[in-house]
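Subject: Handover of a structure and notes on its features

Dear colleague,

Please find below the structure that I am handing over to you. I would be grateful if you could read the notes that follow it with the structure open.

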Amino acid sequence: MSDARFATPELTTVQSIMTVSPVVVAPGTPLGDVLALMRQRNIGAVIVAEAGAPVGIFTERDLLHRVDPGSQVSIGTAAEKVMTADPWTVSADVSWEAALDVMQERSIRHAPVVKDGVLVGMLSLRDVLRHRSKLLESVVQQRTAELLQQKSIIEERDRERTHSLKIAGRIQRQILPTFAPAFDPVSIAYAFHPHDEVAGDYFDFQLADPDTLILMIGDASGHGVPAAFISVIARTCVHARLSMTKSPAALLGAMNDLLHGWVEPEHFISMFVAAIDRRTLRMTYARAGHPLPLLLGTDGRCVELDAGGIMIGVMPEPEY
């Protein structure tokens, strides 16, 4: 049945995948001639028809079932004596899925295909399974193409996002200190290692006056651009209030007044602010929910700089 025609995925009837020119023999054809035809065409079944209508089907399985040492079957025996009479036939307009269900349920390997009672072809289980395999392969190829397209879109968006984050990260780093200010006799050093390109981590040094250095460490909740945006706003607020006060507690209170009700409830800022006086070497500090900073003394002792105070932006008029 090498001449079977297979349908494209959108064609789903038996007619689209059947063998359109099956081998047909008359009921009285000698078995030897039938077998010779089957060998010549390299097929496993022939249809036995009379007046254009199928009356039986002869397959290799019929030969194995009906021929035994005690039988009277010979090469001269008529095909109608060995064939499967009244075979199950399938309409050319039936879907291949429905035909496959019946063929598998009844263990049918070959079936005549009829249209208006006239033989028009033969359907083999191999043809149907091959067609199903082609359809599945087509579906896999289509899904693979769709996944590759989606992957390409995602990768492009990821490249754009990564590029945007790098730009935002550069902008954020530009507003952070690029060197420690000279503030004799105090020496200052720092390290900044954010988790992402853009982060809510923030620090700054500002001179409130020639003898007072304001040190700020903060962290906006969340990650990425929103957190970085809030940290930039926090820096702007601090700079706007430095000309009015150098009290760490007052600075935190002023920041809270500006940010409370403006940022989203889930966004807040933890911060530690310290004022260092170079003349007295005294440090005054306030904390707004930030993890406790550590003070390492020259004697090796480490002290947590604890101070009460809720995070900025959480509630109105907190005490620092």
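The notes below take up the strands, some backbone features and the pockets in turn.

The model is a predicted one, in which local features need pLDDT of at least 70 and side-chain atom pairs count only at pLDDT 80 or more, while totals for chains, interfaces and linings use all residues. Residues are numbered from 1 along each chain as its sequence is written, and side-chain values use heavy atoms, with hydrogens and water left out.

Helices (H or I, at least four residues) and strands (E, at least two) are DSSP runs, numbered from the N terminus. Two strands are said to pair if DSSP finds at least two bridges between them. For accessibility, buried means under 20% relative accessible area, exposed means over 50%, and partly exposed lies in between (1.4 Å probe, protein chains only).

Strand S3 covers residues 53-59, and five of its seven residues are buried, so the strand is largely enclosed by the rest of the structure. Strand S2 (residues 45-50) runs antiparallel to S3 and is joined to it by six bridges. Within this pairing, Val 48 has Gly 56 of S3 as its bridge partner. S3 is also joined to strand S4 (residues 84-85), again antiparallel, by two bridges; here Ile 57 is partnered by Thr 84 in S4.

Thr 59 belongs to strand S3. With a relative accessible area of 11%, Thr 59 is buried. Contact means heavy atoms within 4.5 Å. Apart from neighbours within four places in sequence, Thr 59 is in contact with Met 38, Gly 44, Ala 45 and His 110.

Backbone features in the loops

The hairpin of S2 and S3 has two residues between the strands, and Ala 51 takes a positive phi near 55° there. Ala 51 counts as exposed, at 88% relative accessibility. Asn 42, in the loop between helix H1 (31-41) and S2, likewise has a positive phi near 55° in a residue other than glycine. Its relative accessibility is 65%, so Asn 42 counts as exposed.

A cis peptide bond runs from Asp 184 to Pro 185, with omega near 5°. Pro 185 is found in the loop between helix H5 (125-175) and strand S8 (201-209).

The four-stranded sheet

An open sheet is formed by four strands in the order S8-S9-S10-S11, with antiparallel pairing. S8 and strand S11 (282-288) are the edge strands, each pairing on one side only. From one strand to the next, the twist averages 15°. Angles here run from 0 to 180 degrees between N-to-C directions, and axes are lines fitted to C-alpha atoms, for helices over the stretch in contact.

Strand S9 (residues 212-220) and strand S10 (residues 269-277) run antiparallel and are joined by nine bridges. Ile 217 has Phe 272 in S10 as its bridge partner. Helix H7 (residues 248-259) packs on the sheet and touches S9, S10 and S11; the direction of H7 makes about 150° with that of S10.

The two pockets

On a 1 Å grid over the protein atoms alone, a pocket is an open set of points where a 1.4 Å probe fits, with protein on both sides within 12 Å along at least five of seven lines; lining residues have an atom within 4 Å of a point. Grid points are joined across faces, edges and corners, and a volume is the space filled by probe spheres set on the points. In the linings, Ala, Val, Leu, Ile, Met, Phe, Trp, Tyr, Cys and Pro count as nonpolar, Asp, Glu, Lys and Arg as charged, and the others, Gly among them, as polar.

The largest pocket holds about 580 Å³ of space. Of the 27 residues that line it, Ala 189, Tyr 190, Phe 205, Leu 215 and Ile 217 lie nearest its centre. S8, S9, S10, S11 and strand S12 (294-296) each give two or more residues to this lining, and S9 gives the most, with six. The lining comprises 22 nonpolar, two polar and three charged residues.

The second largest pocket holds about 440 Å³ of space. It is lined by 21 residues, and Thr 59, Arg 61, Ile 108, Arg 109 and His 110 lie nearest its centre. At least two lining residues come from each of S3, helix H2 (60-66) and H5, and H2 supplies the largest share, five residues. This lining divides into eight nonpolar, seven polar and six charged residues.

With kind regards
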